Amino acid sequence: MHLQWAPESLSKIMSDLKDIELGTLPQLCCCISNISAAIIIGILSILARLTCIIIFFVTFFAYDVELHGIYYIATTIFSVAIIFDILLLIGAIKAKMYLVLPWFFVGLTTAAVLLLIALFEKDVNVVVTSLSVVQALVHIYLPFIILYASAEIFEKTRTLDQVIPIQPE
């Protein structure tokens, strides 16, 4: 089957595509838009990671406590993840999907690190283990809010330039 190149029909198809809506996306966070939730997640995530890094550094250098190696790995990952938190915040504010979407993987990585902290924590420290599990469960949910926020951004910023035209043979 050969498609005929018809510029007038292609422009009609492309104009019809512009009018198609993706549908209404559910709001996953307390009845606010997913983009607003992404901004809040970005701000809280920056504050939480900075707090964790400060606490880890104080524990490393100020106290004579024997820590598992996972805390050093977590500090490194959280330090790098702050960059993605800032990108999430900027991307959500400026509606740039390519800045928002990488945080999906950062959120899942954070959940994995928190589960590893809970797994390797000593049995006597039930509070840290419990908090790590609760935070990991939250961080399993947050990336999906970010995924829906990037879908909202895509829907808002979609233009005819993003549609790939059919090439003539």
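This is a predicted model: local features need pLDDT of at least 70, side-chain atom pairs count only at pLDDT 80 or more; totals for chains, interfaces and linings use all residues.
## Setting the terms

Helix axes here are lines fitted to C-alpha atoms over the stretch in contact, and the angle between two of them runs from 0 to 180 degrees between N-to-C directions. Keep that in mind for the helix pair below.

## The overall fold

What you're looking at is a helical chain: six helices and zero strands. Going along the sequence, the pattern reads α-α-α-α-α-α.

Of the 169 residues in the protein chain, 30% are buried. If you take the contacts with a separation of 6 or more, 74% of them link residues 24 or more positions apart.

## How H2 and H3 pack

Now for the pair. Helix H2 covers residues 34–62 and helix H3 covers residues 70–94; their axes come within 8 Å and cross at roughly 155°. Angles over 145 degrees count as roughly antiparallel, so H2 is roughly antiparallel to H3.

The crossing of H2 with H3 is left-handed. And what sort of residues make up the contact of H2 with H3? They split into 23 nonpolar, four polar and two charged.

## A closer look at Ser-45

Is Ser-45 buried or exposed? The cut-off for buried is under 20% relative accessible area, and Ser-45 has 8%, so Ser-45 counts as buried.

Leaving aside residues up to four places away in sequence, Ser-45 touches Asp-85 and Trp-103.

Notes: Residues are numbered from 1 along each chain as its sequence is written. Side-chain values use heavy atoms; hydrogens and water are left out. Helices (H or I, at least four residues) and strands (E, at least two) are DSSP runs, numbered from the N terminus. Angles under 35 degrees count as roughly parallel, over 145 as roughly antiparallel, 65 to 115 as roughly perpendicular and the rest as oblique. A crossing is left-handed if the near helix is turned anticlockwise from the far one by less than a right angle, and right-handed if clockwise. Ala, Val, Leu, Ile, Met, Phe, Trp, Tyr, Cys and Pro count as nonpolar, Asp, Glu, Lys and Arg as charged, and the others, Gly among them, as polar. Buried means under 20% relative accessible area, exposed over 50%, partly exposed in between (1.4 Å probe, protein chains only). Contact means heavy atoms within 4.5 Å.
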